[in-house]
Amino acid sequence: MGYFLLYESMMDSVVYARDKYLAPGGVCMPDKMVMKVALLNDDQRLNFWDDVYGFDMKHIKNKVRARYLKDPMVEHYEPRQLVSKAVNFKEFDCQRLAVKDLEFSAPFKVWASQAGRCDALCTWFDTHFLSGCDSPVSFSTGPVTNMDEATHWKQTTFYLEGGLELKEGDVVEGVVHCHRAKNNLRHLDVVIEWAHVPTEGPRTPTKHQAFELH
């Protein structure tokens, strides 16, 4: 498993090993992987440059934001930074998964659970051990408050152009397109189509943002 679950084509190795070594009637563990997305407020990281020990460094802030709009951030975040509950946007059945399934287009629809600013889509994955287990076991790579519980995989965050001011109940919806980079199959090219659907007023025009997880 890699960052964003699929980075560095690590799931390809799982499929290869399963097909080559798994005995008839055997079980691939973990047997279910679920990718999740939530809305994120990242004032702490983005506004850090407004006042750096008394120095106004907003010119650096603009460069940092421009970088975030191209390169996803792989970082630890805290639950308090989320302004929505997480929703599933892609599931994999590891018992039947094929390599071709690791490139996909998947819709998502997230509801704001509180009013506030949304700077990004925060993604992670949950891992489940279910088949043949006396007691199902799962673990999440999602945001945690206690860093002792944080995982190696962190969260992968896609920053939204312009950001959004949300009211409770507003929706951010769209499609995640995930494909291998043509010049390096271990890397990912991700395109996110998204739009804001406010509780009052019209749906905003769909934006298309291209990210390189390289």
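Residues are numbered from 1 along each chain as its sequence is written, and side-chain values use heavy atoms, leaving out hydrogens and water. As the model is predicted, local features need pLDDT of at least 70 and side-chain atom pairs count only at pLDDT 80 or more, while totals for chains, interfaces and linings use all residues.

**Exercise 1.** Work out which residues of helix H1 are buried, and what they pack against.

*Solution.* Begin with the span: H1 (residues 10–21) has 12 residues and reaches 17 Å from first to last C-alpha, close to the 16 Å expected at 1.5 Å a residue. That expectation is 1.5 Å times one less than the number of residues. Helices here are DSSP runs of H or I with at least four residues, strands are E runs of at least two, and both are numbered from the N terminus.

Next, pick out the buried residues of H1: Met11, Asp12, Val15 and Arg18. Buried means under 20% relative accessible area, exposed over 50%, and partly exposed in between (1.4 Å probe, protein chains only). Seen down the axis, the buried residues of H1 fall within an arc of 130°, so they line one face of the helix; the arc is taken from the directions from the helix axis to the C-beta atoms. An α-helix has 3.6 residues a turn, so residues three or four places apart point the same way.

Finally, look at both sides. The buried residues pack against strands E1 (32–40) and E8 (171–181), while the face turned away carries the exposed Tyr16 and Tyr21.

**Exercise 2.** Decide whether Thr127 is buried or exposed, and list its contacts.

*Solution.* Find Thr127 in strand E5 (residues 116–129). With a relative accessible area of 1%, Thr127 is buried. Beyond neighbours within four places in sequence, Thr127 is in contact (heavy atoms within 4.5 Å) with Met1, Pro30, Lys32, Met33, Val137, Ser138 and Phe139.

**Exercise 3.** Sort the lining of the largest cavity into nonpolar, polar and charged residues.

*Solution.* List the lining: Leu6, Ser9, Asp12, Leu102, Glu103, Arg180 and Leu188. These divide into three nonpolar, one polar and three charged. Asp12 also belongs to the buried residues of H1.

Notes. 1 Å grid on protein atoms, 1.4 Å probe; cavity = no way out; pocket = protein on both sides within 12 Å on 5 of 7 lines; lining within 4 Å. Nonpolar A, V, L, I, M, F, W, Y, C, P; charged D, E, K, R; others polar.
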